[in-house]
Amino acid sequence: MAQAAAVAKPPAPPRRRRASAAPRRLPYLLIAPAALLMLGFIAYPVLSVFYYSLRDYNPTKPWRNGFAGFDNFTRIFTVDPLFWDTLVFSAKWVFVEVGLQLLFGLALALVVNQTFVGRALGRALVFSPWAVSGVLTSAIWVLLYNSQTGITRYLADMGIGEYGVSWLSDTSTVFPAAVVADLWRGVPFFAILILADLQSVSKDLYEAAEVDGASRFKQFWHITLPHLKDAIILSTLLRAVWEFNNVDLLYTLTGGGPAGTTTTLPLYIANTSVDAHDFGYASALTTVAFVILLFCSTVYLRLSKFGGEK
């Protein structure tokens, strides 16, 4: 009986072999060289800025170089009036530029999302300024604002204004002129991102809203805008950071003038480091700008509930 029971007992299932850890690690090993290279390119400059922010470092005056502690930061908040002036102008520049770019970008995206003859050409024309580099954009608008051959010359020929007027040299017109120049390149960025998100809105929602008698405005307010929430939050955040760090356009157009009225904080940092060779103080200014951007970005994402329910 014991032998029969032993024979009738089913064989034990084979043990599963442990999956080798090598295949799971292979993707990480493949991207490790590129990741380490990118980390080096990012981490080294950032750590260098933090390091030099605590030092007096001027290559033209090496006898003054040395550890400064928090003296550079004390100078920023208690001694340097240009820091506050440039910070206020930077906030004004970001608020005006991002707000207008979002408004016009949303309008353009809604227009080119419609079906009409020549839509492909219209989209290409709308998006083309974004493909132009910042330096080339600045050069184009410098020529357009030239007092001898630019817009003001043609307006004077039509009896509007006077000859020889330079909008970039007048404190009352330089800000609107610079805003228009940057709008030309910044609006397509919003139009591209918003249009891409508009393509994913279900047509059934609009058809159901029409059946219920909803107007175009109500459809836009209750269907389109909620769907575009995350796209708008992300695009405004990215563009705000880029506009805050905008140097090339303002440097080429105005150089921060006239009389420093268009000097942003990054442009002030560039002038402090490149022109004055005060790299220690410029590093401290950069550190403060980094903290400001980090704080504002975190608060903005928290308040806007990015990634939450629409």
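Glu243 counts as buried, at 1% relative accessibility (buried is under 20% relative accessible area, exposed over 50%, partly exposed in between, with a 1.4 Å probe and protein chains only). The model is predicted: local features need pLDDT of at least 70 and side-chain atom pairs pLDDT 80 or more, while totals for chains, interfaces and linings use all residues. Residues are numbered from 1 along each chain as its sequence is written, and side-chain values use heavy atoms, without hydrogens and water.

**Salt bridges**
- The structure holds two salt bridges (a side-chain nitrogen of Lys or Arg within 4 Å of a carboxyl oxygen of Asp or Glu).
- Glu243 pairs with Arg239 at 2.9 Å, N to O, and Arg239 is also buried, at 5% relative accessibility.
- Both residues belong to helix α11 (residues 229–244), four residues apart, about one turn of the helix.
- Asp278 bridges to Arg75, with 3.4 Å between the closest N and O atoms.
- This pair links distant parts of the chain, 203 residues apart: Asp278 sits in the loop between α13 (265–275) and α14 (279–304), Arg75 in helix α3 (residues 71–78).
- Asp278 counts as buried at 19% relative accessibility, whereas Arg75 is partly exposed at 35%.

**Overall form**
- The protein has 14 helices and two strands (DSSP runs, H or I of at least four residues and E of at least two, numbered from the N terminus).
- Its C-alpha trace spans about 120 × 75 × 30 Å along the principal axes.
- Of the 310 residues, 34% count as buried.
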